[in-house]
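Me: I would like to learn how to read a few features of a protein model. Can we take them one at a time?

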Amino acid sequence: MIPRIHKRGTRTIGLLHYLYGPGTYEEHVAPHLVASWDGNAPDPGRDPQATLKQRQHLLDQPLGNIDEADRPRKHVWHLSVRNAAEDRLLTDDEWADVARRMVAAAGIDDPGEAAGCRWAAVRHADDHIHIVATMVREDGYKPDLRFDARRVQAEARLLEAELGLRRLNAGDGTAAQRPTSAERHKAERHKRERTPREELRESVRRAVAGAESETEFFDRLTAGGLLVRRRVAPSGDLLGYTVALPDDRNKDSEPVFYSGSKLAPDLSLPRIRERWSGTPRPSTNDEVPPGSPARRSPSGPATARRRATAAVWQAVLILDRGPDPQAAAHIAAAGEILDALAKTSAAHTRQQLREAAFAFERASRSHVRAERGHDRALRQAARDLVHSGPALGRGEDGATTAMLIDMAFFLVTAAAHWHAKKEHTQQAAAALKAADHLRAAYRTAAPVPMGVLYQRGRRLPQPLRHRQSAHLRTAVPELAEQILAEPGWYALAATLADAENAGHDPSALLAEAAGRRELTTAESVSDVLVWRLRRMADLPADASTMPEHHNAATAGSTGRTASPSTSRHDRSRRPR
C-alpha cells in the first residue's frame, strides 16, 4: 500500500472535477464516495441530485470561520492511497476504513474530537482512492500536519499486515525523492525508459564516482551532455548546482532543472564534498576530462579491474568486522564502484550492471554517518575504472570484468547483511536486488573465460589433475565433494595447476582463499575460488595465452612446490 501526499492546492472544485471526471492518464470508472468526515456528504457519483459545487461548498465551509488574512493560501490537502497490482481488491467498506485511518494518522481528523477537518474519500478505480480535505478545522484552528507523510506511511505498514496485502519495507527518510505521477506520465508520453529525475540521478552518480575535485566533477557533468547551472554566493563561493537534460522541457520550452539534493540526499554539493575529505587534491593532469586520450590510464581496463577487485575484497572484510561508520563509508563507495563498472563495461554486461548500480543506490545511504577517508581505496578504484576507459568484452578485459563482478557480488551481499542487522529493511532489500543483477551480469561475462579454464582443466594430464584434487581435499575437506561435482571443478583444477607452476603451494593458497569468507551465498563455489586464486596468485584472468600443462613434469610434479624465496611471485608481495 503506497500513500502519497500530493502538492497542496488552492481550488477544491478543480480537484473534485478531476476525481469525478473521465481521467487524464488512467480511465476513471464509476467514481463514487466511500467515506467522509460525517458519513453524510453528498455523492455526485451516485446521487443525481448532488453536485460537485455542493460538495466543494461543504468541504470549504470551515474557511468562513476564520478571517481571510488567517486562511492558508493553499488550503487543499490531497492524499492518494494505492495498492499493488497483485493485491486482492478491497471492498468499499474496507477502503472507507483505510480512509478514516489515514486522515487520523495524518492529523486531518481525530475520531476522538468533533472539531477535525472536513474530508471526503473518492474511489474511481479498483486499486486506489483519493482523499481531499480542507486544511482548517471546524473550530477554526489549523491541523498539525508536521510529518504527515511519515505518519501515513507508518499507518500503511499496519494496514498491509491487517488486510493481508503486499508488505512494503519501512523507510527511514534517507531514500531519494520518487518521481511524481506527472513526471512518470511525461516519461511515458515521450517513451523514456526512466523519468528525467532518475536519468539525472544516474548521470550525476556516475560523474561523482571517483571524482576528487569540484572541477573534475563539473567537467564530467558537462562531458556527459548535461546542462549545468552553478549557484554562486556574492562572495564568489560555490553554494550548489542544478542539472537538466537538454531534451527535457517544460510547457514554456525551458529546460527542467533539478538540484542535487532533489535527486538524492547525498548528491547535494556539501554531501559530495564530504567524499573528498581526507583525499589528496588531484594534480592538474588528473583534472583532464575523462575520455580524452591523455587521461586514459596507461595500465588499461584490465589492470584497473584487478586493482578494483583487490579493493573490493578488503571492503568485504571491513563490512564483516569493521566499525559501523567505516562500514557505512565503504557501502557508499561501493555504489561508486558499481557506477564506474556500469559506465566502462562492454555492451553485453552493461544493462545488468546499470540495473545493479541503479538498485544499489538505495542501499548506499542510511542514518549511520559515514566516516570518510577510510573508503579511499574503493574511491580510487572507482576513479581508476573511469579513467582506464571502456573495457573490451573479451580477452583479459573481459576476464577481469567477470572477476570484478564476482567480487562485487560478495560486497553487495555483505552490505545487505550489514543493513539487515541494523534493521534497514529498504536498504537490505535494495542490496539484494543489486546482487541479483550482478549475478545475471556474471552469467553473461563468465562463460568465455571460464570456458577457457574448463578446457585447460579437461586437458590436464590425469596424474596432475589427481594431484589438484588431493590439494582440494587437504585444503577444504568439508567442501571437496561438492566442488568436485561442480562443472567448474575443471577450471579450478587448471587454476591450481597454474598457481603451482608459478611457485605457490596450492593447498595453502586454496585454504586461505576459502577461509577468508563464507562461500554459502555462491552459486558455484569453484567459480568463486577460481577468481580468488587467480587474483591472489597474480595469474592472468584470461588463461587463453598461458602455456599448456602437457605432462605431469610441471613445477611441483615431484610433490614439492618451489620455494617462496625462488618463486616467480613472492607470496609476501601478492595482493591480499
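Me: Is S253 buried or exposed?
Reply: Exposure is read from relative accessible area, and over 50% counts as exposed. In this predicted model, S253 has a relative accessible area of 52%, so S253 is exposed. S253 sits in the loop that links strand 7 (238–244) to strand 8 (258–259).

Me: What is the phi of S253?
Reply: The phi of S253 is about 65°, a positive value, although S253 is not a glycine.

Me: Which other residue can I read in this way, and where is D538 found?
Reply: D538 also has a positive phi, near 60°, and is a residue other than glycine. D538 lies in the segment that follows helix 21 (525–536).

Me: At what angle do helix 17 and helix 19 pack?
Reply: An angle of 65 to 115 degrees counts as roughly perpendicular. Helix 17 (residues 462–475) packs against helix 19 (residues 489–501) at about 95°, and their axes are 9 Å apart. The two helices are therefore roughly perpendicular to each other.

Me: Which residues make the contact?
Reply: Helix 17 contributes L464, R465, R467, Q468, S469, H471 and L472. From helix 19 come W489, Y490, L492, A493, L496, A497 and E500.

Me: How do the residues of that contact divide into nonpolar, polar and charged?
Reply: In the contact of helix 17 with helix 19, eight residues are nonpolar, three are polar and three are charged.

Methods: Residues numbered from 1 in each chain as written. Predicted model: local features only at pLDDT ≥ 70, side-chain atom pairs only at ≥ 80, totals over all residues. Heavy atoms only, no water. Helix = DSSP H or I, 4+ residues; strand = E, 2+ residues; numbered from the N terminus. Buried < 20%, exposed > 50% of the residue type's maximum accessible area, 1.4 Å probe, protein only. Axes fitted to C-alpha atoms, helices over the stretch in contact; angles between N-to-C directions. Parallel < 35°, antiparallel > 145°, perpendicular 65-115°, else oblique. Contact = heavy atoms within 4.5 Å. Nonpolar A, V, L, I, M, F, W, Y, C, P; charged D, E, K, R; others polar.
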